[in-house]
Amino acid sequence: MLFIQYPKCTTCRKAKKWLDERQVQYTDRHIVEDNPTYEELKEWHEKSGLPLKRFFNTSGMLYKSMQLKDKLADMSEDEQLKLLASDGMLVKRPLVIDGDRVLVGFKEAEWEERL
């Protein structure tokens, strides 16, 4: 299982604590130091079944400063994936990738059910 997170993010810390308390084995990956690639994001998006917008960190300062709320609708899926791959701070976190399971963000009830 791959756990992609940003150590300063409080939600990521909660998710990591949740995994550790349940003794879930995972590989930790820093989203800024090792940003997901275009290919990874494309694969995860397809496996997740989620709209691509869910992969954006819509509450992040970079998302807001780039005014992406107004721009995403006019961008192709390919353009959005390239944008996500350009900077880890644009990507919603934490991400959990475990085979065909992809979880975006931390919702305890969803994690409890799916992990």
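# Strand pairing, pocket and salt bridges in a predicted model

Strands β1 and β2 pair in the parallel sense, over four bridges. The model described here is predicted. Strand β1 also pairs with β3, in the antiparallel sense and over three bridges.

**Strands**

- β1 spans residues 2-5, and both of its faces are covered.
- On one side of β1 lie L2 and I4, on the other F3 and Q5, and all of them are buried.
- I4 has R29 as its bridge partner in β2, and L95 as its bridge partner in β3.
- A right-handed β-α-β unit is made by β1, α1 and β2.

**Largest pocket**

- The largest pocket holds about 170 Å³ of space.
- Its lining consists of C9, T11, N57, S59, K92, R93, G105, F106 and K107.
- Sorted by class, the residues lining the largest pocket are two nonpolar, four polar and three charged.

**Salt bridges**

- The count of salt bridges is 13.
- One of them joins the side chains of E21 and K17, with an N to O distance of 3.4 Å.
- Both E21 and K17 belong to helix α1, residues 10-21, where they are four residues apart, or about one turn of the helix.
- E21 has a relative accessible area of 51% and K17 has one of 53%; because exposed means over 50%, E21 counts as exposed and K17 counts as exposed.
- E110 and R114 form another salt bridge, in which the closest N and O atoms are 3.4 Å apart.
- Helix α6, residues 108-114, contains both E110 and R114, and because they are four residues apart in this helix, about one helical turn separates them.
- E110 is partly exposed, at 23% relative accessible area, and R114 is partly exposed as well, at 29%.
- Through salt bridges that share partners, K17, E21, R22, E108 and E112 are joined into one network.
- The side chains of R101 and D98 also meet in a salt bridge, at 2.3 Å from N to O.
- R101 is partly exposed, with 31% relative accessibility, and D98 is partly exposed, with 23%.

**Backbone features**

- Most residues other than glycine have a negative phi, and most peptide bonds are trans.
- The peptide bond from R93 to P94 is cis, and its omega is near -5°.
- P94 sits in the loop between α5, residues 77-86, and β3, residues 95-98.
- Q23 is not a glycine, yet its phi is positive, at about 55°.
- The loop between α1 and β2, residues 27-30, is where Q23 is found.
- With a relative accessible area of 67%, Q23 is exposed.
- Q67 is not a glycine either, and has a positive phi of about 55°.
- Q67 is placed in the loop between α3, residues 61-65, and α4, residues 68-71.

How values were computed: Residues are numbered from 1 along each chain as its sequence is written. This is a predicted model: local features need pLDDT of at least 70, side-chain atom pairs count only at pLDDT 80 or more; totals for chains, interfaces and linings use all residues. Side-chain values use heavy atoms; hydrogens and water are left out. On a 1 Å grid over the protein atoms alone, a cavity is a set of points where a 1.4 Å probe fits but cannot get out, and a pocket is an open set with protein on both sides within 12 Å along at least five of seven lines; lining residues have an atom within 4 Å of a point. Grid points are joined across faces, edges and corners, and a volume is the space filled by probe spheres set on the points. Ala, Val, Leu, Ile, Met, Phe, Trp, Tyr, Cys and Pro count as nonpolar, Asp, Glu, Lys and Arg as charged, and the others, Gly among them, as polar. A salt bridge is a side-chain nitrogen of Lys or Arg within 4 Å of a carboxyl oxygen of Asp or Glu. Helices (H or I, at least four residues) and strands (E, at least two) are DSSP runs, numbered from the N terminus. Buried means under 20% relative accessible area, exposed over 50%, partly exposed in between (1.4 Å probe, protein chains only). Two strands pair if DSSP finds at least two bridges between them. A crossover is right-handed if, with the strands pointing away from the viewer, the path from the first strand over the helix to the second runs clockwise.
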